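Reader: I'd like to talk through this model with you. Could you take it in pieces, starting with the chain as a whole?

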Amino acid sequence: MKTNEVRFGAAKDQLIIFDTTLRDGEQSPGASMTKEEKVRIAKQLERMRVDVIEAGFPAASNGDFESVKAVADVIKDSTVCGLARALEKDIARAGEALRGANSGRIHTFIATSPIHMEKKLRMTPDQVVEQAVKAVQWARQWTDNVEFSPEDAGRSDLDFLCRVLEAVIAAGARTVNIPDTVGYNMPWQFGGLIKNLREKIPNSDQAVFSVHCHNDLGLAVANSLSAVLNGARQVECTVNGLGERAGNASLEEIVMAVRTRQDMFSCDSRIDTTQIVPASRLVSGITGFAVQPNKAIVGANAFAHESGIHQDGVLKHRETYEIMRAEDVGWSTNKMVLGKHSGRNAFKTRLKELGIELDSEEAWNAAFARFKDLADKKHEIFDEDLHALVSDEATFATQDRYKLVSLKVCSETGEIPHAVVVLSDNGVEKRAQADGGGPVDAAFKAIESLVKSGSDLTLYSVNNITSGTDAQGEVTVRVNRGGRIVNGQGADTDIVIASAKAYLHALNKLASDETRAHPQV
Ligand code: KIV
Ligand code: ZN
């Protein structure tokens with residue numbers, strides 16, 4: 001594994017953006033991703049000029065190892081990072097996975113709060129210091145680019161934290177990351193912690209201080225920004241704020257806060273902000289985690305003005321009510337783009353303008369064929385439709401076990417809804433029919449009678465992608481089988497078909513997912 005000196009030794013006024021969507025984000029229940037999905041997201045993160053991509057936890061499972069390896073092999077401009085507990089076998093696994101990286105980093109961690117050391121690790125503070133130092137030394141045998149995190153730093157004793165961090169910096173950690181693992185800190189307190197650590201640790205100038213905040217009290221972004229004001233120069237974050245429980249600090253909010261308030265911050269990131277909305281859509285499409293309409297920066301309403309007074313103000317002078325420009329974060333100003341008569345070239349050009357790249361000519365052809373189908377049903381194709389179309393295309397990977405061949409539903413006033421479904425199960429066509437409380441219920445019952453997944457449906461939601469009755473519906477489902485939770489998504493102008501696609505997407509994940517270890521357990 002090579003170490004990329006430029007990225008590694010970032011300028012003092014550069015805020016390093018460390019994205020952990022593929023690792024901490026993936027720890028959200030149901031957000032697990034396939035290797036191909038991780039590679040697609042990693043390429044978008046690279047396009048967005050993220051400095052460090054944490055691609056996964058290689059010791060968690062063979063699937064995670066292969067995903068980190070695949071990301072490390074294709075990403076050239078960002079550093080690719082693998083997480084490892086402070087164990088020699090975990091670190092070796094991360095080192096192996098990152099072997100092909102142009103610039104690789106090993107991120108190792110051990111808990112330092114009294115409650116974690118005593119109840120979880122059952123280790124004394126002295127043992128924890130010793131293990132942390134060994135972990136950094138093991139990691140240094142693989143790369144110079146080593147990051148260390150004292151897990152649950154937000155609830156750790158300050159003097160003990162200073163002792164651990166001084167020791168790991170002396171052992172060769174070049175980034176020390178301070179996690180507020182349970183989202184417990186207040187912004188002024190967390191900023192104070194970073195200031196104190198930097199002042200009290202004698203060798204603190206030999207490492208970049210990083211922060212990693214969880215959002216349990218809705219303060220992850222505020223805590224991260226407070227840390228930046230107090231000298232942190234790396235922020236760990238995720239697209240759409242995805243992550244364990246209430247999530248991690250959201251990348252788009254951190255990046256735009258720092259960029260918009262340059263009067264407050266003495267640093268800035270290298271992020272190409274026009275790639276933010278495409279990244280948000282890609283992550284939400286792949287994970288099935290919809291973005292709430294009022295979410296800052298990437299929510300559908302983030303730049304919509306409803307009140308007449310606001311609309312009037314914006315029309316007269318945009319800055320009366322807007323502190324950022326929608327197009328600067330990747331919302332397109334050109335809304336109506338393509339139609340039935342648009343050719344392959346226009347289609348490809350528009351997708352590229354939206355930051356969407358497909359891997360092969362085959363993928364372009366398949367997407368174009370679906371675009372033509374959609375254009376037959378829907379007069380005007382908007383950017384949102386194109387995003388959904390491409391996510392939907394990627395939803396059904398060629399290796400997926402189940403594919404929807406056809407679906408017929410009968411729904412009539414006073415009659416019991418009925419569905420007839422034909423699926424391909426590993427290439428063999430199977431047919432089933434069922435009654436239901438409604439057409440979606442009937443379709444799902446027919447599918448389940450063929451798949452026999454034994455799972456429970458715990459979430460079903462429909463969003464219209466654009467307005468109008470000919471709009472595509474985007475359906476998200478979540479299913480749970482024995483504690484294994486997966487999400488699925490599907491889009492179509494017919495919401496019953498979109499629902500069936502979403503359900504099959506989730507069932508395919510259930511059929512293929514292997515169990516993985518959790519880094520914090
Ligand atoms: O939240 C946390 O403490 C983590 C560490 C592994 C950095 O995710
Ligand atoms: Zn975390």
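Author: Gladly, and since this is a predicted model, everything that follows is computed from it. To begin with charge, the mean positions of the 61 positive and 72 negative charges of the chain lie 3 Å apart.

Reader: What about secondary structure, how many helices and strands are there?

Author: There are 17 helices and 16 strands in the chain.

Reader: And what radius of gyration does the chain have, against that of a compact globule?

Author: The radius of gyration is 24 Å, which agrees with the value near 24 Å that a compact globule of 521 residues would have. Along the principal axes, the C-alpha atoms fill a box of roughly 75 × 60 × 40 Å.

Reader: How much of the chain is buried?

Author: Buried residues account for 56% of the 521 residues. The accessible surface, for its part, comes to about 21900 Å², and carbon and sulfur atoms contribute 50% of that area.

Reader: What share of the contacts comes from residues 24 or more positions apart?

Author: Among contacts with a separation of 6 or more, 67% are between residues 24 or more positions apart.

Reader: Switching to domains, where do the bounds fall?

Author: The assignment gives domain 1 as residues 5-287, domain 2 as 332-395 and domain 3 as 402-511. The contact between domain 1 and domain 3 takes 9 residues from domain 1 and 8 residues from domain 3, and the centres of these two domains, taken over C-alpha atoms, are separated by 38 Å.

Reader: Now some detail. Which residues of helix 10 are buried?

Author: They are Leu-251, Glu-252, Ile-254, Val-255, Met-256 and Val-258. These buried residues of helix 10 pack against strand 1 (16-19), helix 9 (220-229), strand 8 and helix 11.

Reader: Is Asn-240 buried or exposed?

Author: Asn-240 counts as buried because its relative accessibility is 15%, and the cut-off for buried is under 20%.

Reader: What about Ile-297, where is that one?

Author: Ile-297 belongs to the loop between helix 11 (276-287) and helix 12 (308-316). Phi of Ile-297 is near 70°, again a positive value in a residue other than glycine, and with a relative accessible area of 6% the residue is buried.

Reader: Let's go to the strands. Which strand holds Val-80, and what does Val-80 touch?

Author: Val-80 is part of strand 3, residues 79-85, and has a relative accessible area of 0%, so it is buried. Leaving aside residues up to four places away in sequence, Val-80 touches Ile-53, Ala-55, Val-71, Ala-72, Ile-75, Leu-98, Ser-103, Gly-104 and Arg-105.

Reader: Last one: what surrounds Thr-175?

Author: Thr-175, which is found in strand 6 (residues 175-180), touches Arg-105, Val-146, Glu-147, Phe-148, Ala-207, Val-208, Ser-210 and Gln-234, not counting residues up to four places away in sequence. At 2% relative accessible area, Thr-175 is buried.

Definitions and conventions:
Residues numbered from 1 in each chain as written. Chains lettered and ligands numbered in written order. Predicted model: local features only at pLDDT ≥ 70, side-chain atom pairs only at ≥ 80, totals over all residues. Heavy atoms only, no water. Helix = DSSP H or I, 4+ residues; strand = E, 2+ residues; numbered from the N terminus. Rg over C-alpha atoms; globule rule 2.2 N^0.38 Å. Buried < 20%, exposed > 50% of the residue type's maximum accessible area, 1.4 Å probe, protein only. Contact = heavy atoms within 4.5 Å. Areas by Shrake-Rupley, 256 points an atom, 1.4 Å probe, with all protein chains shown as cover. Lys, Arg positive; Asp, Glu negative; His and termini not counted. Charge placed at Lys NZ, Arg CZ, Asp CG, Glu CD. Domains from an automatic or database assignment.
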